[in-house]
There are 2 protein chains.
Amino acid sequence: MANYTNEEILKLPRDFRTNLINSLSGFKSPLLVGTSNLAGQQNLSLFSSVFHLGANPPLMGMIVRPDTVERHTLSNILETGVYTLNHLPASYVMAVHQTSARYPREASEFDATHLTPHLIKGFAAPAVAEASLRIGLALREKLDLLANGTHLLIGEVQWLEVNDEDLLTPSGNILLNSTPAVVGLDNYYTTNHTFRLTYAKPESTVAIHDNNITREA
Amino acid sequence: MANYTNEEILKLPRDFRTNLINSLSGFKSPLLVGTSNLAGQQNLSLFSSVFHLGANPPLMGMIVRPDTVERHTLSNILETGVYTLNHLPASYVMAVHQTSARYPREASEFDATHLTPHLIKGFAAPAVAEASLRIGLALREKLDLLANGTHLLIGEVQWLEVNDEDLLTPSGNILLNSTPAVVGLDNYYTTNHTFRLTYAKPESTVAIHDNNITREA
């Protein structure tokens, strides 16, 4: 067993600690966030701390650290009030990871990664044409976390597009086995859908759902 | 292509909307949160909205909705100030999902699921002996989100244990391919580590890292 106390964590070499602590929350989806400033300069950046907040209204949370390349994304969202989240197929994982480079503000990550902007009429942020799932959000709340100056952005879903409708099951679930998962900053995983489980109740044991769709994408 | 606007999302049947919107953030790790009240009554509950906030100090965020079974977890954390996060191997996925049932407060999910409490001296919250990775946290901040009354708990890592040290790579990354991923409320996936990618820079293209550890757990 490998174990560390808080004091030991604080004394670790910086890169080791960064990798270790970034691993703790486990699997995430590497998402491309598409934004634009008011002058129309487009930006794409890799975010993986995105989470569900509620279905009605449809709200999603996203963590932004101001001391990274993510600052272009943050300033664009504050300018226009909107942003997109894009799930790309596993075959694009190198391009997705490349967007985490510290490009200058005037550079477009679309050009650098050969990804294609996908524009929605009347919506100021670009999505990604190659994405399996695209979501357009409007900023509803920005919270500054006292603990370390990180920002939490809360967005309301304005529209969503599932590029291949076979990925959407009759129950409303979206199959994401064609997209990668990431742990920490740079460890990528492929995924396979195994099953959907039934709603858990105290008086019975969960089982594989009758509506157990495992279609491959 | 399947697409929905905000207005269409709000008119969807409730279960379909819940599944659809819960799917949007993509892959998560299904984590068991271990807590205890001051009387020593232990609780285990499934959470999947857990995310990295910072490595120094080591901070993690967790979303808690007050109107669900998660309320036992929240009241216990507020009583004792501590909680554990536990990543279980894929072979325990049914037990993990079962802890999301609405057990009465006096029931122990450890008993109901035949999982074993793992106690750390001087730490009031139980961990799970069967876990591959266990993390002990102390509550640092609780934020109430105006948007829908959801709570954000920010915890600082007090200790962590990687049960099999082969899962910890020389770079500090933790290999999680033995643990499941989940999308939405109940769709489980197996995972395989494919590669670690290099740090992205504008002037070069990302590649597979030299330290590309893909050991199976």
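**Salt bridges and their surroundings**

A: Let's start with B:Lys142 and B:Asp144, which form a salt bridge whose closest N and O atoms are 3.1 Å apart (the rule wants a side-chain nitrogen of Lys or Arg within 4 Å of a carboxyl oxygen of Asp or Glu). This is a predicted model, where local features need pLDDT of at least 70 and side-chain atom pairs pLDDT 80 or more, while totals for chains, interfaces and linings use all residues, and side-chain values use heavy atoms without hydrogens or water. Residues count from 1 along each chain as its sequence is written, with chains lettered from A and ligands numbered from 1 in written order.

Both ends of that pair are partly exposed: B:Lys142 has 32% relative accessibility, and B:Asp144 has 45% (buried is under 20% relative accessible area, exposed is over 50%, and partly exposed is in between, with a 1.4 Å probe and protein chains only). Over all chains, the search turns up eight salt bridges.

Another one joins B:Arg134 to B:Glu161, with 2.8 Å between the closest N and O atoms. These partners sit 27 residues apart and link distant parts of the chain, B:Arg134 being in strand β9 (residues 133–144) and B:Glu161 in strand β10 (residues 151–162) of chain B (helices, H or I with at least four residues, and strands, E with at least two, are DSSP runs numbered from the N terminus). Here both ends are buried: B:Arg134 has 2% relative accessibility and B:Glu161 has 8%.

B:Glu156 and B:Arg140 also meet through their side chains, at 3.0 Å from N to O. Again distant parts of the chain are linked, with B:Glu156 in β10 and B:Arg140 in β9 of chain B, 16 residues apart.

Now for the chain boundary. Two salt bridges are counted between chain A and chain B, and one of them ties A:Arg196 to B:Asp186, the closest N and O atoms being 3.3 Å apart. Strand β12 (residues 187–196) of chain A gives the most to the side of chain A that touches chain B, with 10 residues.

Zooming out on that boundary, 104 residues of chain A are in contact with 104 residues of chain B (contact means heavy atoms within 4.5 Å). About 8,900 Å² is buried between the two chains, and carbon and sulfur atoms give 60% of it (this is the accessible area, with a 1.4 Å probe, that two parts lose on being put together, summed over both). A:Leu24, A:Phe27 and A:His52 supply 9% of what chain A buries against chain B, more than any other three residues. The copies meet through the same surface, because 100% of the interface residues of chain A are also interface residues in chain B.

How do the copies relate geometrically?

Strand β9 (residues 133–144) of chain A runs antiparallel to strand β6 (residues 82–87) of chain A, joined by six bridges (two strands pair if DSSP finds at least two bridges between them). In that pairing, A:Tyr83 stands opposite A:Leu137. β6(A) also pairs in the antiparallel sense with strand β2 (residues 31–36) of chain A over four bridges, where A:Val33 stands opposite A:Leu85.

Is β6(A) buried or exposed? Six of its six residues are buried. A:Val82, A:Thr84 and A:Asn86 point one way, with A:Tyr83, A:Leu85 and A:His87 pointing the other. In a regular strand the side chains alternate between the two faces of the sheet.

Back in chain B, strand β3 (residues 42–47) is largely enclosed by the rest of the structure, because six of its six residues are buried. It pairs in the antiparallel sense with strand β2 (residues 31–36) of chain B over six bridges, and B:Ser36 stands opposite B:Gln42. Five residues lie between the strands of this hairpin, where B:Gly40 takes a positive phi near 90 degrees.
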